[in-house]
Amino acid sequence: MKPATYRMPAEWEEHEATWLAWPHELGDWPGKFAPIPWVYADIVRLLARVERVRILVQGREAAEKARRYLTKVGADIGAVEFYACPTNRSWVRDYGPVFVRDKSGHLSAVNWKFNAWAKYTNWQLDDAVPNFIAERLSMKLLEPGAVLEGGGIDVNGRGSLLTTEECLLSPIQGRNPSLDRGQMEALMARYLGAVNVLWLNRGIEGDDTHGHIDDIARFAGPSTVVAALESDPQDPNYEPLRENFARLRRMRDEAGNALRIISLPMPDPIYFDRQRLPASYLNFYIANRLVLVPTFNDAKDRIALGTLARVFPQHSVVGVHSLDLVLGLGTLHCMTQQQPAASTGL
């Protein structure tokens with residue numbers, strides 16, 4: 001295989017900024033929207049300590065309102081930039097651009113198509129976000145012509161990529177029914193530098209994205225993967241997560257090295273109005289010298305935070321209460337998208 005033209009940096013590589021979209025869709029948090037802007041504000045407060053935060057807002061009035069929230073929680077407003085760009089939802093991980101570097105170190109934005117996980121009809125504003133961001137950053141825009149969300153992939157920055165068959169290969173998931181495994185791998189190699197695609201099976205109960213990887217397994221180093229395990233044999237996640245874990249034990253990185261697999265527990269099931277929510281500690285976000293971890297008022301919060309503190313010894317590992325946030329069917333990783341810092345060389 002010829003050398004990759006582009007490389008998607010690992011999330012732990014230095015960031016220039018984190019992108020978010022300020023929450024506004026009341027239906028994503030039915031009956032519990034009121035605390036959500038405060039959750040976002042506190043997350044921005046934490047991120048603004050270590051990097052710039054770039055926030056998409058519906059317009060000038062929305063920017064002023066968000067600024068008031070941020071001021072009240074003590075965020076460093078000087079590290080925050082607002083961009084008037086209407087969106088349908090706030091899960092910028094999935095519809096925002098995926099940033100990659102070329103061999104000269106220049107950043108480009110990959111504009112994968114977005115169809116709202118084949119679940120919602122209002123997605124057109126979100127699908128236009130990569131064009132907007134690339135234009136505002138004067139950045140080259142790459143267009144593979146296929147549907148892929150940022151939460152459906154995770155990379156080690158050296159050529160290995162984690163994803164699931166449920167997300168990208170299932171004929172009923174509504175993304176790319178005309179593309180097979182080889183064609184998807186070719187696109188990810190060309191546009192993300194993924195020469196070693198590691199396929200897990202399926203995601204967790206309550207995940208309406210059809211198996212996003214960022215709830216079940218994440219790279220935490222070039223050959224280190226943190227993966228979710230469920231301890232209750234009666235839980236629907238028990239068998240799928242064990243199958244994924246077994247697959248990881250057989251896998252190798254792009255250099256042929258065995259992966260170091262570290263387990264994280266699953267929190268106890270969380271329901272709202274009889275709906276199982278996709279609560280997972282794997283939806284953490286790695287910022288500059290900081291790892292934000294969703295917590296759920298669960299005894300296993302402590303285990304998850306302690307494990308990730310050992311995995312990321314150079315980072316501050318901070319828990320973010322996410323019981324309200326997860327009602328929107330996503331948490332910290334889903335709401336963020338990293339913009340890598342400028343660099344030289346692929």
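Q: In which sense do strand 17 and strand 18 pair, and over how many bridges?

A: In general, the strands of a sheet pair through backbone hydrogen bonds, either parallel or antiparallel. In this predicted model, strand 17 (residues 290-295) pairs with strand 18 in the parallel sense, over six bridges. Leu 290, for instance, has Ser 316 in strand 18 as its bridge partner.

Q: What is the strand order of the open sheet, and which strands form its edges?

A: The sheet has three strands in the order 16-17-18, and its pairing is mixed. Strand 16 (285-287) and strand 18 (316-321) are the edge strands, each pairing on one side only. On average, and with direction ignored, neighbouring strands are turned by 25° against each other.

Q: How many salt bridges does a search of the whole structure find, and what is the partner of Asp 42?

A: A salt bridge is counted when a side-chain nitrogen of Lys or Arg is within 4 Å of a carboxyl oxygen of Asp or Glu. The search finds 19. Among them, Asp 42 pairs with Arg 45, with the closest N and O atoms 2.6 Å apart. These two residues are three positions apart in helix 1, and are therefore separated by about one helical turn. Asp 42 is partly exposed, at a relative accessible area of 28%.

Q: Which parts does the salt bridge between Arg 54 and Glu 81 tie together?

A: The closest N and O atoms of Arg 54 and Glu 81 are 2.9 Å apart. Because Arg 54 lies in strand 3 (residues 52-57) and Glu 81 in strand 4 (residues 80-84), the pair ties together parts that are 27 residues apart in sequence. Arg 54 is buried, with a relative accessible area of 7%.

Q: Are Asp 235 and Arg 276 buried or exposed?

A: The side chains of Asp 235 and Arg 276 meet in a salt bridge of 3.2 Å, N to O. The pair links distant parts of the chain, 41 residues apart: Asp 235 is in the loop between strand 12 (224-229) and helix 8 (238-250), and Arg 276 is in strand 15 (residues 275-276). Asp 235 is buried, with a relative accessible area of 8%, and Arg 276 counts as buried at 11%.

Notes: Residues are numbered from 1 along each chain as its sequence is written. This is a predicted model: local features need pLDDT of at least 70, side-chain atom pairs count only at pLDDT 80 or more; totals for chains, interfaces and linings use all residues. Side-chain values use heavy atoms; hydrogens and water are left out. Two strands pair if DSSP finds at least two bridges between them. Helices (H or I, at least four residues) and strands (E, at least two) are DSSP runs, numbered from the N terminus. Axes are lines fitted to C-alpha atoms, for helices over the stretch in contact, and angles run from 0 to 180 degrees between N-to-C directions. Buried means under 20% relative accessible area, exposed over 50%, partly exposed in between (1.4 Å probe, protein chains only).
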